[in-house]
Amino acid sequence: MRVIKYLYLILFVLFLSCTDNEEKNSPATKPVYVHPSYDKRGRVRKGYVRMPVSTNKNAIRKQNSSRYYYQTRGKYRRRK
């Protein structure tokens with residue numbers, strides 16, 4: 001009987017450790033309005049809505065090319 005209780009306890013702990021709680025903790029879940037402001041030269045910066053996820057259709061392609069560029073940055077450069 002004890003073995004079964006310990007087995008259930010171990011399985012329960014493993015289940016809790018495997019669940020993904022990052023979705024609840026991510027701060028970017030809604031669009032955020034960025035208020036108008038002044039830059040250091042005194043020019044007015046317009047207010048805009050910052051989206052949590054890019055709505056650009058090429059966003060994934062740009063992200064992958066950027067990742068490739070920074071990972072292979074020194075690989076193809078000429079050495080002095």
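Analyst: A nonpolar patch on the surface is formed by Ile-4, Tyr-6, Leu-7, Tyr-8, Leu-9, Ile-10, Leu-11, Phe-12, Val-13, Leu-14, Phe-15 and Leu-16. Together they have about 1,300 Å² of accessible area. Such areas come from the Shrake-Rupley method with a 1.4 Å probe; for residues, only the protein chains shown count as cover. Patches take residues with over 30% relative accessible area and no salt bridge; like charges are joined within 9 Å, nonpolar side chains (Val, Leu, Ile, Met, Phe, Trp, Tyr) within 5 Å.

This is a predicted model, with residues numbered from 1 along each chain as its sequence is written. Local features need pLDDT of at least 70, side-chain atom pairs count only at pLDDT 80 or more, totals for chains, interfaces and linings use all residues, and side-chain values use heavy atoms, with hydrogens and water left out.

Leu-11 sits in helix α1, residues 2-18. Helices are DSSP runs (H or I, at least four residues) and strands are E runs of at least two, numbered from the N terminus. Leu-11 counts as partly exposed because its relative accessibility is 47%. The classes are buried (under 20%), exposed (over 50%) and partly exposed in between, with a 1.4 Å probe and protein chains only.

The 17 residues of α1 reach 24 Å from first C-alpha to last, close to the expected 24 Å. That expectation is 1.5 Å times one less than the number of residues. Zero of the 17 residues of α1 are buried, so the helix lies largely in the open.

Now the whole chain. The protein has three helices and four strands, in the order α-α-β-β-β-β-α. Of its 80 residues, 2% count as buried. Its accessible surface comes to about 8,800 Å², and 57% of that belongs to carbon and sulfur atoms.

Thr-72, in the segment after α3 (59-71), counts as buried because its relative accessibility is 16%.

Finally, confidence. Mean pLDDT (the predictor's confidence in each residue, from 0 to 100) is 82, and 80% of residues reach 70 or more. Helix α2 (residues 22-25) is lowest, at a mean of 57, and strand β2 (residues 37-38) is highest, at 96. Where pLDDT is low, predicted coordinates should not be read in detail.

Key:
A salt bridge is a side-chain nitrogen of Lys or Arg within 4 Å of a carboxyl oxygen of Asp or Glu.
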